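Me: I would like to go through the labels given to some residues and pairs here, and ask what each label rests on.

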Amino acid sequence: MSRIGKNPVTIPAGVTVDVADGIITVKGKLGQLTQEYSDVTITVEGDQVQVERSSDLKDQRAKHGLYRSLINNMIVGVSQGWTKELELVGVGYRASNQGQKLDLALGFSHNIVLEVAPEVKLETVSEKGKNPIVKLTSYDKQLIGQIAAKIRGFRKPEPYKGKGVKFVGEVLRRKAGKSA
């Protein structure tokens, strides 16, 4: 039995969960999310969602915990929301935004301009003496993770000086470099 899949997901007040024809819909104060599912049965009983599988086939065992986690992420997203913070470490690295356009100066000859999806709230923080921070806030965990990974992919942190775009709180593996 899946340790994650067997735990029920509690539905907070203000969130509705509808299950119909292989699609689960979660509505809350921040938005609405839908997810297709297969090979498992999802039941809503009171303020709990239960995910169950009919057999111990490998495919069903794999999807049991997966769909439970996806449903939990959807419920947390529409009730509280998700936030990711990226830190730009390096001399001359800057970030600014106008609406949904993110403008990054990461040491290349031209600035990188990224159009962010309207579901994601974008905010840049630049304080003197500190590294610039890009804050992404949304109700869709999958979308926010994808955008954060794309921004990080423009200049991944390198192991010698630690320069690049990294998540706030991320611990980098540092290398010693050449010994004289």
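**Labels and their grounds**

Reply: A network of salt bridges links Asp39, Asp59 and Lys63. The model is a predicted one.

Me: What makes aspartate 39 and lysine 63 a salt bridge?
Reply: The N to O distance between their side chains is 3.0 Å. The rule asks for a side-chain nitrogen of Lys or Arg within 4 Å of a carboxyl oxygen of Asp or Glu, so the pair qualifies. Aspartate 39 is in the loop between S4 and S5 and lysine 63 in helix H1, 24 residues apart, and the pair links distant parts of the chain. By this rule the count comes to 8 salt bridges.

Me: Why is lysine 63 called buried, and what is aspartate 39 called?
Reply: Lysine 63 has 19% relative accessibility. Buried means under 20%, so lysine 63 counts as buried. Aspartate 39, with a relative accessible area of 33%, is partly exposed, because that label covers values between 20% and 50%.

Me: How do you know that arginine 53 and aspartate 56 form a salt bridge, and are these residues buried or exposed?
Reply: Their closest N and O atoms are 2.9 Å apart, and the limit is 4 Å. Arginine 53 is buried, at a relative accessible area of 16%. Aspartate 56, at 54%, counts as exposed, because exposed means over 50%.

Me: What makes lysine 166 and glutamate 87 a salt bridge, and which parts does the pair tie together?
Reply: The side chains meet at 3.7 Å, N to O, and the cut-off is 4 Å, so the pair is counted. Lysine 166 lies in strand S13 (residues 164-167) and glutamate 87 in strand S7 (residues 82-89), so parts 79 residues apart in sequence are tied together. Both lysine 166 and glutamate 87 are buried.

Me: Why is the pair of tyrosine 37 and tyrosine 67 called edge-to-face?
Reply: The structure holds 1 aromatic pair. In that pair, tyrosine 37 and tyrosine 67 have 70 degrees between the planes and 6.5 Å centre to centre. Tyrosine 37 is in the loop between strand S4 (32-36) and strand S5 (40-45), while tyrosine 67 is in helix H1 (residues 58-79), so the pair ties together parts 30 residues apart in sequence. Tyrosine 37 is buried at 16%, and tyrosine 67 is buried at 10% relative accessibility.

Me: How do you know that the charged end of lysine 141 sits over the ring of tryptophan 82?
Reply: The charged end of lysine 141 is 4.4 Å from the ring centre. The limit is 6 Å, with an angle within 35 degrees of the ring normal. Arginine 155 likewise lies over the face of phenylalanine 108, at 4.3 Å from the ring centre.

Me: Why is serine 138 called buried, and what lies 3.2 Å from a polar atom of its side chain?
Reply: Serine 138, in strand S12 (residues 133-138), has 5% relative accessibility. The cut-off is 20%, so serine 138 counts as buried. The backbone oxygen of glutamate 119 lies 3.2 Å from a polar atom of the serine 138 side chain, and the backbone nitrogen of aspartate 140 lies 3.2 Å from a polar atom of that side chain. Leaving aside neighbours within four places in sequence, serine 138 is in contact with residues including Gly81, Trp82 and Ile144.

Note on methods: Residues are numbered from 1 along each chain as its sequence is written. This is a predicted model: local features need pLDDT of at least 70, side-chain atom pairs count only at pLDDT 80 or more; totals for chains, interfaces and linings use all residues. Side-chain values use heavy atoms; hydrogens and water are left out. Helices (H or I, at least four residues) and strands (E, at least two) are DSSP runs, numbered from the N terminus. Buried means under 20% relative accessible area, exposed over 50%, partly exposed in between (1.4 Å probe, protein chains only). A polar contact is a pair of N or O atoms within 3.5 Å; within protein, one must be able to donate a hydrogen and the other to accept it, and residues adjacent in sequence count only if both atoms are side-chain atoms. Contact means heavy atoms within 4.5 Å. Rings of Phe, Tyr and Trp (its six-membered ring) pair if their centres lie within 6.5 Å; planes under 30 degrees apart count as stacked, over 60 as edge-to-face and the rest as tilted.
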